[in-house]
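Me: I would like to go through this structure with you and ask, at each step, what a given description rests on.

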Amino acid sequence: MLWEDTRTMEHYETTATAGTPEGVGLTFLTLAHSLRERVDRHMTATAGLSLSRTKVLQVLAGHGPLHQAELATALGQAPRSVTQILEGLERLGLVTRTGHPEDRRRKTVELTDAGRATLAAAEEAGRRVLRRFFGSLTPQELTGLDALLALVANGLADDGTG
């Protein structure tokens with residue numbers, strides 16, 4: 001069952017019947033939040049990585065070693081938030097941080113082999129949850145949903161409200 005508690009289901013029933021942009025938008029936000037929580041919990045339980053930690057490792061896997069400030073920029077997060085995440089990942093042996101020889105405040109972050117293996121396990125755990133919820137859709141439904149989400153994404157890209 002998609003809904004874990006009745007409050008979420010009641011909210012869905014209320015907003016889904018409205019048929020307005022606001023009602024559909026609220027339904028989308030509720031579903032996205034619920035799905036994100038499910039993916040996060042499964043990834044954490046299966047691979048020991050939350051979505052936020054997984055995203056850090058994905059950026060490092062895609063870009064290679066980065067300075068912490070560059071990593072924060074790539075993630076769109078405050079440097080202090082990224083530092084806290086990196087401290088945890090370093091304790092787990094998933095990343096290494098090395099200091100700059102001339103500026104000890106500047107650290108370069110690199111993914112370890114253990115980090116790559118854990119990242120792969122976390123990504124697979126996330127894919128399993130997504131397959132469970134979206135796998136029952138027909139190819140045509142998936143294509144239609146994908147097209148609708150692309151329209152919403154384009155609207156976000158064009159929106160000047162931030």
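Me: What share of the contacts in the chain with a separation of 6 or more comes from residues 24 or more positions apart?

Reply: This is a predicted model, and in it residues 24 or more positions apart account for 49% of those contacts. The chain holds seven helices and three strands, which follow one another along the sequence in the pattern α-α-α-β-α-α-β-β-α-α.

Me: Why are α4 and α5 called roughly perpendicular to each other?

Reply: The axes of helix α4 (residues 68-75) and helix α5 (residues 79-91) cross at roughly 110° and come within 9 Å. Angles of 65 to 115 degrees count as roughly perpendicular, and α4 and α5 are therefore given that description.

Me: Which residues make up the contact of α4 with α5, and how do they divide into nonpolar, polar and charged?

Reply: From α4 come Q68, L71, A72 and L75, which meet P79, V82, T83 and L86 of α5. Among the residues of this contact, six are nonpolar, two are polar and none is charged.

Me: What makes α3 roughly perpendicular to α5?

Reply: The axes of helix α3 (residues 51-63) and α5 come within 11 Å and cross at roughly 85°, and since the range for this term is 65 to 115 degrees, α3 is roughly perpendicular to α5. In this contact S52, R53, V56 and L57 of α3 meet I85, L86, G88 and L89 of α5, and the residues divide into five nonpolar, two polar and one charged.

Me: How do you know that the span of α5 agrees with its number of residues?

Reply: At 1.5 Å a residue, the 13 residues of α5 should span 18 Å, and the C-alpha atoms at its ends are 18 Å apart, so the two values agree. Just after α5, G93 takes a positive phi of about 80°.

Methods
Residues numbered from 1 in each chain as written. Predicted model: local features only at pLDDT ≥ 70, side-chain atom pairs only at ≥ 80, totals over all residues. Heavy atoms only, no water. Axes fitted to C-alpha atoms, helices over the stretch in contact; angles between N-to-C directions. Helix = DSSP H or I, 4+ residues; strand = E, 2+ residues; numbered from the N terminus. Parallel < 35°, antiparallel > 145°, perpendicular 65-115°, else oblique. Contact = heavy atoms within 4.5 Å. Nonpolar A, V, L, I, M, F, W, Y, C, P; charged D, E, K, R; others polar. Expected span 1.5 Å × (residues − 1).
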